[in-house]
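Here is a short report on the packing, the pockets and the strand pairing of one model.

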Amino acid sequence: MKSTVETLSPTRVRLEIEVPFAELEPSLKKAYREIGSQVVIPGFRRGKVPTAVIDQRVGRGAVLNEAVQEVIPTQILAAVREHEVKTLGRPEVEITEFADGQPLKFTAEVDVRPEITLPDLSAIEVTVDALVVSEDDVDEQLKGLRDRFATLKTVERPALVGDFVQIDLVATVDGEEVPGGSANNISHEVGSGQLVPGLDDVLAGMSAGDSTTFTTQLVGGDFEGRDAEVSVSVKSVKDKQLPPVDDEFAQLASEFDTLDELKDDLRTRLSRVKRMEQLYSARDLALKAVIDATEVPAPEGVVKDEVESRKESMNDQLQRIGASFEDYLSTEGKTEEEMDAELNEAAVEGVKVQLVLDTLADAEDIQVSDDEFGHEIVHRAQRAGVGPQQYYDQLVQAGVAGAVFGDVRRGKALGLVLERVKIVDSEGTALSLDDLRGPADDHEGHDHGDHEGHNH
């Protein structure tokens with residue numbers, strides 16, 4: 001095999017490869033064996049069909065093509081190793097010359113990792129918001145807890161914003177009932193905006209036994225965009241009664257005996273959430289600062305593949321909830337071109353981050369241990385709801401186990417970035433990575449509700 005490499009741009013090369021016909025012989029024999037095991041020809045046992053018969057029945061060209069398709073990937077890999085090319089993404093192959101008995105000549109254009117000069121990380125400074133937990137923050141958490149333990153009491157008065165009403169709804173367009181537009185005994189909080197537009201405006205002031213109609217524009221279904229007449233009947237009005245905030249409430253809503261203890265615990269939990277927000281903010285700001293200080297060209301082919309991958313993932317998620325990409329665009333008020341531009345921008349940023357972290361990992365000779373890789377496999381398997389071995393086998397079968405390994409390595413490189421850049425909060429206090437991670441026991445403790453909210 002002979003090969004040359006031509007640099008097309010800082011992020012793309014063209015390999016020209018020539019393979020003597022003699023080097024195709026092993027693949028050619030394999031192709032004959034595989035085709036011979038698949039075809040059924042009277043008078044011959046499966047797998048024992050002579051090559052001349054296969055040439056006659058199947059065609060020599062089909063056998064040659066199968067042999068070539070097997071040879072090309074291995075020859076590209078050999079050329080990449082010979083020229084020490086750091087490839088990214090999938091190569092685009094074009095066979096330029098081939099005939100039976102003659103050398104195979106082809107080209108392979110492929111994106112490559114550009115040469116990147118990293119900045120001095122210790123010279124980079126990023127500023128995150130100071131960690132402040134106010135009494136208003138604590139009160140907001142208490143309000144969420146009170147809502148969870150609220151009771152509803154039927155009242156004989158017109159409904160007010162914040163009340164819960166039990167209602168029947170019927171929607172019609174030109175006198176024809178809208179499919180799926182009727183519902184009975186719905187519990188709805190007045191003012192929440194959870195149902196059709198305009199409903200809350202008419203509910204405020206209605207009492208049990210009252211009925212009315214109003215006009216609204218439908219946002220889905222066969223009548224999307226049409227005006228519908230909606231009839232609403234109120235069956236009951238209920239007042240939401242919140243428990244008083246005292247020691248008794250603390251005992252009801254948590255394992256604590258006093259309100260002060262509950263508030264202290266909420267402060268601790270809020271501090272943990274805000275510290276995590278600081279960490280995520282520092283991560284994003286540090287990566288942006290490193291990229292801004294570095295000339296990082298984004299390989300077009302890799303970006304294109306990333307955009308397609310993100311779009312496919314988005315479509316899969318939409319299909320799971322019974323929506324289409326067109327529905328999503330309509331909801332977001334964007335054109336497909338605008339969405340493509342956003343996806344492309346995000347893909348470019350993501351590819352640049354990967355390139356910078358890979359370069360840093362190489363420069364620092366960052367290694368990934370078997371334990372570290374295994375821990376990531378276990379973590380991902382748990383999220384996917386399958387066993388670790390099954391998950392790993394799926395990765396190997398799909399040929400993406402190396403990608404997961406690369407993610408772990410980049411994660412370690414990112415940790416190195418956060419260790420070396422200077423991180424300060426808005427009050428001028430210097431923060432270390434350990435400060436942002438917080439004490440280990442911060443991640444333990446009792447849970448008394450879903451009021452924390454995490455920003456991943």
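The model is predicted.

**Nonpolar cores**

The largest nonpolar core has 41 residues. Leu-121, Leu-357, Val-417, Leu-418, Val-421 and Ile-423 have the most contacts inside it. H9 provides the largest share, ten residues. Val-421 touches Leu-121, Ile-124 and Ala-286, with residues up to four places away in sequence not counted. Another core lies apart from the largest one. This other core has 29 residues, among them Val-13, Leu-28, Ile-76 and Val-112. As a general point, nonpolar side chains tend to be buried together in soluble globular proteins.

**Second largest pocket**

The volume of the second largest pocket is about 340 Å³. Its lining has 22 residues. Ala-171, Gly-180, Gly-181, Val-196 and Leu-218 are the closest to the pocket centre. Strands S7 (164-173), S8 (176-189) and S9 (211-217) each give two or more residues to the lining. S8 gives the most, with seven residues. By type, the lining of this pocket divides into 14 nonpolar residues, seven polar and one charged.

**A three-strand sheet**

S5 also takes part in an open sheet of three strands, in the order S5-S11-S12. The pairing is mixed. S5 and S12 (430-431) stand at the edges, each with a single partner strand, so one side of each has no neighbour in the sheet. S5 and S11 (residues 422-425) run parallel and are joined by four bridges. Val-128 stands opposite Asp-425 in S11.

**Thr-107**

Is Thr-107 buried or exposed? Thr-107 lies in strand S4 (residues 104-112). Its relative accessible area is 13%. Buried means under 20%, so Thr-107 counts as buried. Leaving aside neighbours within four places in sequence, Thr-107 is in contact with Arg-14, Leu-15, Glu-16, Glu-92, Val-93, Glu-94 and Thr-96.

Definitions and conventions:
Residues numbered from 1 in each chain as written. Predicted model: local features only at pLDDT ≥ 70, side-chain atom pairs only at ≥ 80, totals over all residues. Heavy atoms only, no water. Core = buried A, V, L, I, M, F, W, Y, C linked by side-chain atoms within 4.5 Å. Buried < 20%, exposed > 50% of the residue type's maximum accessible area, 1.4 Å probe, protein only. Contact = heavy atoms within 4.5 Å. 1 Å grid on protein atoms, 1.4 Å probe; cavity = no way out; pocket = protein on both sides within 12 Å on 5 of 7 lines; lining within 4 Å. Points joined across faces, edges and corners; volume = space filled by probe spheres on them. Nonpolar A, V, L, I, M, F, W, Y, C, P; charged D, E, K, R; others polar. Pairing = 2+ DSSP bridges.
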